[in-house]
Amino acid sequence: MHLSTHNWMRAEPLEVTLKRIKKFGYESIEISGEPEQYKTKETRALLKEHGIRCWGAVTLMLGERNLAARDQGQRERSVQYVKDVLTMISELDGEIITLVPATVGKVVPDGTEEEEWKWVVDATRECFTHAKKVGVKIAVEPLNRFETYLFNRGAQALALADAVSPECGVCLDAYHIHMEEFNVHDAIRQVGKRLFDFHVADNNRFAAGLGQIDWPRIVQTLREVGYDGALTNEFVAPVDRTPAAPYPDMVERHPVDISPEQLKFIQDHGSSVLTEKFYTDQMRITAETLLPLVK
């Protein structure tokens, strides 16, 4: 296992992110799933310069992106978006994309269970075909019930992976599984060898080590199932706007270089644009918590 991180949680130049995570002992990055933001030739050069490899990406299912949409045109556009992310990761020599099938924040279905299952299976199969072509793996990620109605538990994600291909996998996220699973360790064991990626944030969605999750036991369970991939940092710190705030300087008051769509995505997760100091501390705390467990 090794330590990785997402970078969608804060808008900043990629070079700034890479310098920071290299200092703290991260080995790879799951780059933000926005292919239009990255010129892969330049990005490859930056990664090489800083000694960080691309592990993969997560699909940012915002706006109209939805593989389970009733509208066929919307599904087709969503499939094309996923294909574009897969192509980007292939060109960056990455290994995996984490696929969130439905729009994050959408909690009302578009159709019956049977209709939506057919829509999402067909769409994911098309994405998987392209993934095979470009040499990148797909891992289906379940989210908690407040972010999606469609897939909330590992068993559900595994059912979709099974319907697509034995070579399709699952990504589990420590934050989500501690909300939704009956037993988080049994959930990891049930996915077993099909676990392709693992995201980390504590039960309060701060950095690993700032909540109640038993990280030594989590890492031990991952070892039990033979997992040897990334532990990918994905904290989304909730903003406290009251006098009780323990971090009064966590919010960047004058953000730059962030699109309205990305800002909305972060805010829909209950967070905001974080200051560089607070963000850096979260990256450091995650590394200090997890690196001793995986080395």
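Let me start with a term: a residue is buried when its relative accessible area is under 20%. Keep that in mind. And remember that this is a predicted model.

Take strand β8, residues 230-233. Both of its faces are covered. Ala230 and Thr232 are buried on one side, Leu231 and Asn233 on the other.

Now the neighbours of β8. On one hand there is β1, residues 2-5. It runs parallel to β8, and 4 bridges join the two. His2 stands opposite Ala230 there. Then there is β7, residues 195-200, which also pairs with β8 in the parallel sense, over 3 bridges. Here Phe198 stands opposite Leu231. Between strands, look at helix α8, residues 215-224: β7, α8 and β8 make a right-handed β-α-β unit.

Next, the core. The largest nonpolar core has 97 residues. Which of them touch the most other members? Phe198 and Leu231. Leaving out residues up to four places away in sequence, Leu231 touches Phe198, Val200, Val219 and Leu222, among others. Its list also includes Met1, His2, Leu3 and Ser4, plus Leu290 and Val294.

Back to His2. Is His2 buried or exposed? Its relative accessibility is 5%, so it counts as buried. The His2 side chain makes a polar contact of 2.8 Å with the side chain of Ser28. Beyond four places in sequence, His2 also touches Glu27, Arg53 and Trp55, among others.

Last, the record. An unreviewed UniProt entry annotates residues 19-242 as "Xylose isomerase-like TIM barrel". Over that stretch the chain is 42% helix and 16% strand. The end C-alpha atoms are 33 Å apart.

Conventions:
Residues are numbered from 1 along each chain as its sequence is written. This is a predicted model: local features need pLDDT of at least 70, side-chain atom pairs count only at pLDDT 80 or more; totals for chains, interfaces and linings use all residues. Side-chain values use heavy atoms; hydrogens and water are left out. UniProt positions are given in the numbering used here, feature names are shortened, and annotations may be inferred rather than shown by experiment. A nonpolar core is a set of buried Ala, Val, Leu, Ile, Met, Phe, Trp, Tyr and Cys residues joined through side-chain atoms within 4.5 Å. Buried means under 20% relative accessible area, exposed over 50%, partly exposed in between (1.4 Å probe, protein chains only). Contact means heavy atoms within 4.5 Å. A polar contact is a pair of N or O atoms within 3.5 Å; within protein, one must be able to donate a hydrogen and the other to accept it, and residues adjacent in sequence count only if both atoms are side-chain atoms. Two strands pair if DSSP finds at least two bridges between them. A crossover is right-handed if, with the strands pointing away from the viewer, the path from the first strand over the helix to the second runs clockwise.
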